Every structure is written in C-alpha cells, then in structure tokens.
Amino acid sequence: MKPLISVIAVALLLFGESPPPDPGDQATVTRDGRNVTTEIALPGELNVFGDGVKRGRGDGYRIKSPCWHEPFMNAEDMLKFQTDPRTHAKRILADEESFLAHTQQFRDKKDQEGFWWTPNYDAADPEGSACYGELEQFVFVPPNTTPPSGITLEQLAEIARASMTVPEHTIKLNPDAKSFVNLPTWVWLEGIGEPRRTVTAEIPGFMSVTVVATLQSIKIDPGTTEERAETHQEGCGVGGKPYTKGGTFACGVRYLRSSIDQPGEKYTLGVSTVWPVEVVDNVVPVEFPPVEVETTRDVEVGEIQSNVRP
C-alpha cells in the first residue's frame, strides 16, 4: 500500500440506490453513481481505526495480496438487503426479469446456515483492481468456513500495518543557521508527541488484529561520506539530545569538510525515526519491518580561516 494513514478500499454496491451510512470518525464515504469510495471496506464491514491512522506519514508498506473475500451477511439478512424495494425500486422497474435472476441466488440460500462473502481490494495497489475483478462477486460458505480467497488474520494484520502512520518530526540543530568544520552540530527532534501508535483492523464479529508501533531510536544521515563527516548516535535515545550549554556532545554530526563544493553549498542532513511494529498479544505470529520516516534539512558548513604570523 502507499503511505496512507489508513487502508483505502473501493467496492461496487450492486443495485443500491442510496449511499451507505457514514461511520463517522472511522471513515469518509463518498459516492459517484454506484461506485462507493470509503476508508473502510464496502460492502463488507472491514474497519481500520486507531491513533496511528491518518495522523502522520506512512512508509509505503504494501500487503501481499491486494484483494480478498470478506464475510458480509448471513443468508436471511443478505436476501433482505438484495430485495429491499426501498433501495432497489428503480432497478426493479427498469428490468424486473434481470433483478429476479440476480436475487435468485440469495433466495436459494434463504434457510441455510452460513455467510455470504463479498470481494474487496486495496485501491492503492496498482494490481488491486485487476485482482478484484477475478474474484466471484458473491460466495456463500457454511459456518466456520473460509473460501479459498477469504481474508485471514495475517492479511488483516498486514492491512493494519499498511495503515500505520507516525508523526512527521522537525529537525532541530545547534548551531542552527550555520555550522563550521570540526564544530559539533547537535541534533534532536520536535513534533513527535506520543511515542506509541496503534492501528486495529477488524471485521466485527469475525476477527480483529491490533498492531502497535513504538518509537525506539533515530538514524542520522549527515548527507555526505565518512571522510567528510563523523556521525555520533550513541547518546541520541528516541528523539535526539537537545543542546545544553556545557553538555557532552553525544548525538549529532561533526563535519570535517566545508560544504562549499556541494550542491547549493550545503549538505542535506536526514534524520529517520525508527518504530518497531508488533502484533498485540501475538494474535498472529507475523513479523513486520519497523516504520521508518525520514525528514531532511540543509546544513551549511563553513570553514574558519586563520592566519599564523611568525
């Protein structure tokens, strides 16, 4: 998935005339004709929520399979949903024979135990739409049964991981405006806020997975080679070390060469925050790469000239 705060899914709500209810803070629902676009999956009820959704930057993590079937309704509720004249009146009047042919499959399962599963996909994945098109629109399965392409706990965890965003930090330096060769440049971050983010992906009544990302460390890239800069990270902790007068330099960069020969006569310093991700309660034994988000800023490094007199 692309770096989003959350999973984006698009589904075709067959033969419906009214838009689905807006689930409030969990999603924004829009509609163009019969195409429904929402941050939760439709026509199923796959919800993605948490303080890690859409409140920062993601890292472009993508789920392995961009489409799947998910449970939607039992046989009785599905029949009511598909034949409700309040929502399908125009379709019935336009082509009653076609409408009856379409709903016959739901009448056939009326008194059977089980659930109808419908397809969904990750619209952010370039292969999602094609994958979705190859899935059956409706699959009826007995209780406690999953169709071959049915969503799994591992996929649900991947959706939560792909939806994870973390704060976009601001790099602070001292010296701030301009540094000099061999002068310690202190580095720390602002704007991180709470160093823990959670995202839950769930299909209510069926399955739920929560993943947690916790800020562990930062990585400093001086924007040049080791011959031109020394990087000090042993004392950075989770957010760098703010400058203190008389303090010990333990987090930042000591530039060894002037930036005068660099593009724009500056180095581009980058700082990444590293957020390891875990599945709460190890609901599914899967390991994810940490979320890493980088911010950069230019650093001008001058050189102090001195004259030695005999």
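Analyst: Let us begin with accessibility: a residue is buried under 20% relative accessible area, exposed over 50%, and partly exposed in between, with a 1.4 Å probe and protein chains only. This is a predicted model, in which local features need pLDDT of at least 70, side-chain atom pairs count only at pLDDT 80 or more, and totals for chains, interfaces and linings use all residues. Residues are numbered from 1 along each chain as its sequence is written, and side-chain values use heavy atoms, without hydrogens and water.

User: Is N182 buried, exposed or partly exposed?

Analyst: N182 has a relative accessible area of 48%, so it is partly exposed. N182 lies in the loop between β9 and β10 (184–190); helices (H or I, at least four residues) and strands (E, at least two) are DSSP runs, numbered from the N terminus.

User: What should I look for in the backbone angles?

Analyst: Most residues other than glycine have a negative phi, and most peptide bonds are trans. Here, N182 has a positive phi, near 70 degrees. E265, which is not a glycine either, has a positive phi of about 60 degrees. E265 is in the loop between β15 (252–255) and β16 (267–275) and is partly exposed at 44% relative accessibility.

User: Which peptide bond is cis?

Analyst: The bond from N174 to P175 is cis, with omega near 0 degrees. P175 belongs to the loop between β8 (170–174) and β9 (179–180).

User: How is a helix to be read, with α3 as the case?

Analyst: The expected span of a helix is 1.5 Å times one less than its number of residues. Helix α3 (residues 96–108) has 13 residues and reaches 18 Å from its first C-alpha to its last, close to the 18 Å expected. A bend at a residue is the angle between axes fitted to the seven residues ending there and the seven starting there; α3 bends by about 30 degrees at H102.

User: Which residues of α3 are buried, and what do the buried residues pack against?

Analyst: F99, H102, T103 and F106 are buried in α3. Contact means heavy atoms within 4.5 Å, and the buried residues of α3 pack against α1 (75–83), α2 (85–94) and β6 (115–121).

User: How do strands form a sheet?

Analyst: Strands of a sheet pair through backbone hydrogen bonds, either parallel or antiparallel. Two strands count as paired if DSSP finds at least two bridges between them. Three strands form an open, antiparallel sheet in the order β13-β16-β18. β13 (217–221) and β18 (291–299) are the edge strands, each pairing on one side only. Between β13 and β16 there are five bridges, and S217 stands opposite V274 in β16.
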